[in-house]
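I opened the notebook to look at how two chains meet. Entries follow in the order I looked things up.

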Protein chains: 2
Amino acid sequence: MAQVQRMSKLMIKTLRDDPADAETLSHKLLVRAGYVRRNAAGIWSWLPLGKKVLDNVSRVVREEMDAIGAQEVLLPALLPKEPYEASGRWEEYGDLLFRLKDRKGGEYLLGPTHEEIFTLVVKDQASSYKDLPVMLYQIQTKYRDEARPRSGVLRGREFQMKDSYSFDTTDEGLAESYRLHREAYQNIFRRLGLDYRIVSAVSGAMGGSASEEFLAPAAAGEDTFVDCPACDYAANTEAVTFPLNPVDGAAHGPVEELDTPDTPTIETLAEFLDVPASATLKNLLVKVDGEIVAVGVPGDREVDLGKLGEHLAPAVVELVTAEDFEGRPDLVRGYVGPQGLEKVRYIADPRIAPGTAWITGANKPGTHARNVVAGRDFTVDDHLDVVVVEAGDPCPKCGTGLRLDRAIEIGHIFQLGRKYADTFQLDVLGQQGKPVRVTMGSYGIGVSRAVAALAEQTADDQGLCWPREIAPADVHVVAAGKAAQTELALDVSQQLADAGVRVIVDDRAGVSPGVKFTDAELIGVPTILVAGRRTAEGVVELKDRRTGEREELPVAEAVARLTARS
Amino acid sequence: MAQVQRMSKLMIKTLRDDPADAETLSHKLLVRAGYVRRNAAGIWSWLPLGKKVLDNVSRVVREEMDAIGAQEVLLPALLPKEPYEASGRWEEYGDLLFRLKDRKGGEYLLGPTHEEIFTLVVKDQASSYKDLPVMLYQIQTKYRDEARPRSGVLRGREFQMKDSYSFDTTDEGLAESYRLHREAYQNIFRRLGLDYRIVSAVSGAMGGSASEEFLAPAAAGEDTFVDCPACDYAANTEAVTFPLNPVDGAAHGPVEELDTPDTPTIETLAEFLDVPASATLKNLLVKVDGEIVAVGVPGDREVDLGKLGEHLAPAVVELVTAEDFEGRPDLVRGYVGPQGLEKVRYIADPRIAPGTAWITGANKPGTHARNVVAGRDFTVDDHLDVVVVEAGDPCPKCGTGLRLDRAIEIGHIFQLGRKYADTFQLDVLGQQGKPVRVTMGSYGIGVSRAVAALAEQTADDQGLCWPREIAPADVHVVAAGKAAQTELALDVSQQLADAGVRVIVDDRAGVSPGVKFTDAELIGVPTILVAGRRTAEGVVELKDRRTGEREELPVAEAVARLTARS
């Protein structure tokens, strides 16, 4: 006999009030509806209803990964230090990594992602090109010691993730594995009922080349992305690249020095000269692997140090200190200009295109210069887009002003290339009998985060409101309270369950109908069936949780309709 | 279209030779057949076939836990120190616990079992007797820093476990929750196809009262248990209790001192007097919470300090050192006898029953005494069974000589009582409106260990040999090698898969039939279907992996038979 989940037996305690520490909608509602409970900062328990939702998401992920021929495995979460030391990530992860020692002093970490270990597993298992391509995945507990764990299960320190890895002998093979994952991810997020965008991404600490993020737009999101209202362009803000468009600079006059006392900042300079900040050229000095480098951007824009760091990785970017100016009379603080910096590498934003003219420092205290033309008066060593993106910046594809939006990163796909294969010398014997270095992809979905993203996108004023495939049940049956109503509710529930419908029935004694209705709305199962005032006639009410539409129906009809749907 | 697992795509590398470090059958075969791979001492990866077997075990466990009304949750593995400090287990676990710090210096552990956290979750969720009873379970990764991780996945440092916890307001309720778990465990192990025994157990570091272990007899087992060849008695060796049977000691003569120079040990004494060691009384001095206590056992038996510790817990038992004898002229090393120890608590094995007479120390150097009668010449403060059990010891139930056997502990059920509820003041409002302290049970199944136990019990000379419910597939189809054979093999496989049969097909090109047959035997799927020499006639061979029986059948008949079975 199929099981009905009775609220009288279910371990659930709904809360009327938002938890004091909750800022985001999903955090508030998942706690209030009894899906999750916090054990420590960023460390959560999934209670019975939450576990069902988590399992539903995992099932969808698993089915779509199986469909593209990926093979499920389960690797350990407790990992030895050595492979992560070999890849450099033992250091690179910094404080984000949970590190520990065993009783013998051996060093371990709790896996944040598993590139190293999968590489080693495949190195052990595959010896010939015939063993490849292979795609492996796991749905596993991951660990990251976030500096500010918050937003409930949206950014936990222990969380559930699907991570997969592809292994190919050719670049074309990697592109195909990447394409298969991209399609699987589209199917997964569509089935989950998530609104999402695919955006170009930089690859972060992971290394590698082609990379896209799957973002679920939500106010609670910690990621910012841009999209174009006119074309299909969308990107992580760090991945936006302004095109380099040289202009004809022949009409500009010669460089002219200006006496500009006490104007060491763009603000003071623009005010002194009564020009817009955008007419000036700001030159930020940084150290790249210890060497001083100047970075030029329009005076009204900010340098995005994250973007700069990504462009120059693996070189390390640091800010300069007062000591760095010692013994460097060529560097005049507050009055630096690229036209006099022969000994310094000059990186400029593409907006500083050849032919554009600027007001900038004259490399003398209290002095600036105007009509300083890029390509004529100074040379840009590297044009790199390093400014913080702003709403209204032109779309790199069509020029329309971009929008800035917040989103939750729910998936990420990478073409890693041979970074890890090089580290661990992962070769297979090729068709010509010679060793071939393997090329890899790495792909992730935040499974527990997807639950929070779904809650963010689908909840309404009454509470959670799950898509059917993900909901902890199909129907929430409410017994209004009297014995006959409870009897009918239990009977209908069992009929539905026997027909394969997943049912929660609120059969609690001593709980008012009002509380039961409020709880049903909060819990967010797609259909609510009420055995209420017309119980004697054998009539129940069906309510659509999302639309609020109600309808009274004889029991048999209600059962038939709900059974047909599932 | 249902999926067929093709060996040409499967990530598997079978090995002809046993891994050098493998001692047990399951370790050797699970590695050789490509089910698991070692990442570090006691830390393993489950490869595609291994993951399927692990999932099958989990599914059976989940179905039977759901059937008794237990609710599935998922608690974190990374746990804050404080609750474990409150329960005392932060210290008690010693080196067995993996401990770590987060970026802020907060102390954490990797959960070995979750009594503390479940108690806190229920304290948060349940407030009234109406919220109980409740049974909660999870299938989760657990951590124990074993001193000697070995035997493959049989004793890992990271492993999969089903742990569950029951919460009741009455002792009768706890007994019922315990009974439900006991039945569920019987169903689980029967369905898994495990040969097992239920034995009485002591509760170890867990605290509490009634407790039984589920043991799977196997040569590789690390547990020893006794069972009676004549009756149904079976017990963990530490739980065996010899009955106290007083005898009539009236016929014994008076105590008589013997000059026994240089006989400080039982061996030297028995030789000097030419009596069996069993005629002598051995008195071991220990410290219990710092106080010296004497423990008497027959001279031919060893004291089991583990058993003694369990009897006296939570008191701490230590061995005495030379310093403990300072200022104690009453304690004559090597010549201690209970008849002169008025100031020392005397614990004796039940074999030292009232009326029995012994040769023992006379509390003078070089001197023993004979005809020292228990109850006449000395008083036993506590009769506790503290000897190491030996084969042939009488069954406590029927007196027949016991057998000693090795086994793998696959399950454990405990009536914990109120230990954790007391620690965390877990009360609910009772029916009379007053707080009632909750009583708990705790229940565990080693899920990954069950896979190893099954491998141990079912494997044969050819390799693994899984019961159908647990096997990674129902049928292993072997294409002998020619194109027509491969074509037929793939066709049969697809027909079977479409009918719901789980199929692995060995479609590898360039692999000899002999290697394919050897791999099929090693992998251990219940039925092997060969598309071989009679392929042209449309005839295949069916082989039962366990019995080795073979039969040739037309394809349609073979498919019909295999479909009917699944």
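What rotation superposes chain B on chain A? I found 180 degrees, with 0.0 Å of shift along the axis and an RMSD of 0.1 Å. Copies are superposed by least squares on the C-alpha atoms of residues with pLDDT of at least 70 in both. That is the relation of a two-fold axis. The same surface serves both copies, and 100% of the contact residues of chain B recur in chain A.

A note on the source. This is a predicted model, where local features need pLDDT of at least 70, side-chain atom pairs count only at pLDDT 80 or more, and totals for chains, interfaces and linings use all residues. Residues are numbered from 1 along each chain as its sequence is written.

Next, the contact (heavy atoms within 4.5 Å). I noted 57 residues from chain B and 57 residues from chain A. The two chains bury about 4,900 Å² between them, 54% of it on carbon and sulfur atoms. Buried area is the accessible area (1.4 Å probe) lost on putting two parts together, summed over both. Met11(B), Arg103(B) and Gln125(B) supply 16% of what chain B buries against chain A, more than any other three residues.

Then I looked up the salt bridges (a side-chain nitrogen of Lys or Arg within 4 Å of a carboxyl oxygen of Asp or Glu). The count between chain B and chain A is eight. Asp124(B) pairs with Arg37(A) in a salt bridge, with the closest N and O atoms 2.6 Å apart.

Conventions
Chains are lettered from A and ligands numbered from 1 in the order in which they are written. Side-chain values use heavy atoms; hydrogens and water are left out.
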